[in-house]
Amino acid sequence: MHIPSLSFSVTALSLLSTAVAHPHYAQQVEQVQRRQEADASQRAEAVREAFQFAWNGYYRYAFPHDELHPVTNGYGDSRNGWGASAIDALSTALVMRLPDVVDDILKYVPTIDYSKTSQEVSLFETTIRYLAGMLSGYDLLKGPLSDLATNQDAVEALLTQSKNLANVLKFAFDSPTGIPYNNLNITSKGNDGETTNGLATIGSLVLEWTHLSDLTGDQQYAELSQKGESYLLKPEPSSAEPFPGLVGSNVNIDTGLFVDGDVSWNGGDDSFYEYLLKMYVYDPNRFSTYKDRWVLAAQSTMKHLKSSPSSRPDVTFLASYSNGSLGLSSQHLTCFDGGNFLLGGDVLGRQDFIGFGLELVDGCHDTYAETATRIGPEQFGWDANSVPADQQQFYERAGFYIQSGAYILRPEVIESYYYAYRLTGDPKYRDWAWDAFVHINATCRTDSGFSGITNVNAVGGGSKDDNQESFLFAEVMKYSYLIQAGDDEWQVSQNGKNGWVFNTEAHPIKVASQA
Ligand SMILES: *[C@@H]1O[C@H](CO)[C@@H](O)[C@H](O)[C@H]1NC(C)=O
Ligand SMILES: *[C@@H]1O[C@H](CO)[C@@H](O)[C@H](O)[C@H]1NC(C)=O
Ligand SMILES: *[C@@H]1O[C@H](CO)[C@@H](O)[C@H](O)[C@H]1NC(C)=O
């Protein structure tokens, strides 16, 4: 069913090939493996130190605001001022076993007033960062990391506050169809007047809201999110599904009808597909229909969206599709795709998905390997007819040109390396993740944390944008750490049976039941 365990390293395999000439090869293989494990644990420790360094800077200059401005040592409140970085950091501090950081966050959680903010609230962002961050902390502290629960009341407050937050947000689903509005005024219980909502913003709530119901026994949260999702599972009209399983980008909130048939795995669409599979990992009994839709989408993606640059036929990217033509452009955000195909291949025992997932991981690695900073760009293209004159040479060599050269501390490339390493055991992916981490550290680090940069293809990264997104804590640090760390029950498992599933912000959620 599942892929063979590649428990040998590449180096070890080359030793194996000389085995005939060398009677003591088994000992040597063992030595190489032991050395690699020692390297990995040193790397894990270095990532843990970098996390602690960033936490210290945030705590000193920005806590409990949403994020640090790491160049000027100021702060921002881009996520409603409820302490987004603190909540996003909790599950990472837990899996890294940093008791002091965990304690600081646990003391803070009961003090948050989710009923107050002066800004518009995004249902999607609030769900994937705050709700998932608290639920994940609760799962870990009630389960395998209960020894880090310094304060039982604060652990219970994680769940109480999750319910409080969902109760503040749930009016979002009060629409003619039950499809939620995304941009909310929680004071007036109003919204921004948009008549449509997006595929990912409707379709990446169901894991968190269902889990909240499973933990509290109150079904309303699961029912609300699944009702919204139901329009995505049975898309209407038929033009909304140009290929089996691949659907349009925007849905009319009043009618439930898709307003386009534009298909992609890019930002805005991405985590809809991600969650179809992850709901099945969460509970294969309740969510097998979601899995069937994911399988259709994955098969159609391999058939219709697989794309290679003319200058680099060895490289695979995912195109988008609109009204009969392919868009030859993709994003850093899209690079979760390799990891998602690998997880699907592993859970469903499908070698074709695993093979394709590894091709996508290679393609996203290429976007890092070819730039001056060794960090990949926000957006890139490979349409041979649209190569900017000053990037012709770059396109010939790299197989893409840069459309937006920013890097804002996104995790997706390292995230896919994580799945590739966990599911194949090939240490190459650990090396790639380490390489990315070292270069992010070299280019983005400031005196108090990590900053986004404006140009991945300039030495030094262009200039710093003075912003440290909360997902630096939740995702970049977590995946960089977990890929080097040893086995733990929340790690993705090679045998297709997972006790935990990562939400789209990398918060591990305890699954409801296993296949
Ligand atoms: C939300 O609605 C209240 C009451 O109508 C209004 O005073 C406030 O400005 C609105 N907030 C935003 C962010 O639009
Ligand atoms: C789709 O393409 C056809 C033919 O190329 C064109 O006539 C039509 O206007 C396009 N539709 C949209 C919605 O762009
Ligand atoms: C990260 O950067 C700091 C400061 O330059 C340096 O001391 C540290 O060794 C770096 N860590 C890694 C893993 O490269």
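Guide: Let's settle one term before we start: a residue counts as buried when its relative accessible area is under 20%. Keep in mind too that this is a predicted model.

By that cut-off Cys444 is buried, because its relative accessible area is 0%. Now for the pairing. Searching the whole structure turns up one disulfide, and the partners are Cys335 and Cys364, with 2.1 Å between their sulfur atoms. As for its handedness, the torsion about the S-S bond is about -90 degrees, so this disulfide is left-handed.

Where do the two ends sit? Cys335 is in the loop that runs between strand 12 (329–331) and helix 12 (337–348), while Cys364 belongs to helix 13 (residues 351–369), so the bond ties together parts that are 29 residues apart in sequence. Both ends are tucked away under the cut-off: Cys335 is buried because its relative accessible area is 2%, and Cys364 is buried because its own value is 6%.

So what about Cys444, which is in no disulfide? Its nearest cysteine sulfur belongs to Cys335 and is 16 Å away.

Methods:
Residues are numbered from 1 along each chain as its sequence is written. Chains are lettered from A and ligands numbered from 1 in the order in which they are written. This is a predicted model: local features need pLDDT of at least 70, side-chain atom pairs count only at pLDDT 80 or more; totals for chains, interfaces and linings use all residues. Side-chain values use heavy atoms; hydrogens and water are left out. A disulfide is a pair of cysteine sulfur atoms within 2.5 Å. Helices (H or I, at least four residues) and strands (E, at least two) are DSSP runs, numbered from the N terminus. Buried means under 20% relative accessible area, exposed over 50%, partly exposed in between (1.4 Å probe, protein chains only).
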